[in-house]
Amino acid sequence: MSPGSSESANSVSNLFDADIFTKFSAQCGTEIVISTSEPLRLASYSLTTALFSQCYPDAVPAGWTLYGGDVDDDGQTVWTEISVVEASGISADGCREYNYKVDAGEEYSLYKLVFSGSGIYMLSGFDLYVG
């Protein structure tokens, strides 16, 4: 996809396509849920700012919570808080990756990222890393 393309211009899948020219933007409070094919013990994760972030300096997330989840015997998802970031230090530099380590406790097959604050954020990547 090229920078000018409108195909899937704001799809959450753009966070996982390894293409710096695509982005995902949404209101704070929007949940991004990832399902993995097998449980993973997370060591770190990263967020990558969107290419045009410098044009929208207020569209970078300041804080969020990352959860790990599993489905219980009743079919309900049980979420466990595994990372809280209150002052991310993310700047409006386009296409810059920011890495965050986590205390690798349990393995989870679901991960949920929820941005706090107000306004709109814009990112081009969200990656999970196992250790």
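How many disulfides does a search of the whole structure find? The search finds 0. Keep in mind, as you look through these views, that the model is predicted.

View 1. A disulfide is a covalent bond between the sulfur atoms of two cysteines.

**View 2. The largest nonpolar core.** Here you can find 25 residues that make up the largest nonpolar core. Tyr45, Trp64, Phe115 and Phe126 have the most contacts inside it. Among the elements that give two or more residues to this core are strands E1 (24–27), E3 (42–49) and E8 (120–130). The largest share, 4 residues, comes from E7.

**View 3. Around Phe126.** Leaving aside residues up to four places away in sequence, Phe126 touches several residues, including Leu15, Phe16, Ile32 and Ile34. Tyr45 and Leu113 are also among the residues that Phe126 touches.

**View 4. An open sheet of 4 strands.** Follow the strands in the order E2-E7-E4-E5, with antiparallel pairing. E2 and E5 (77–85) are the edge strands, each pairing on one side only. From one strand to the next, the twist averages 25°.

**View 5. Where E4 meets E7.** These two strands pair in the antiparallel sense over 6 bridges. Look for Gly69, which stands opposite Leu110 in E7.

Technical notes. Residues are numbered from 1 along each chain as its sequence is written. This is a predicted model: local features need pLDDT of at least 70, side-chain atom pairs count only at pLDDT 80 or more; totals for chains, interfaces and linings use all residues. Side-chain values use heavy atoms; hydrogens and water are left out. A nonpolar core is a set of buried Ala, Val, Leu, Ile, Met, Phe, Trp, Tyr and Cys residues joined through side-chain atoms within 4.5 Å. Buried means under 20% relative accessible area, exposed over 50%, partly exposed in between (1.4 Å probe, protein chains only). Contact means heavy atoms within 4.5 Å. A disulfide is a pair of cysteine sulfur atoms within 2.5 Å. Two strands pair if DSSP finds at least two bridges between them. Axes are lines fitted to C-alpha atoms, for helices over the stretch in contact, and angles run from 0 to 180 degrees between N-to-C directions.
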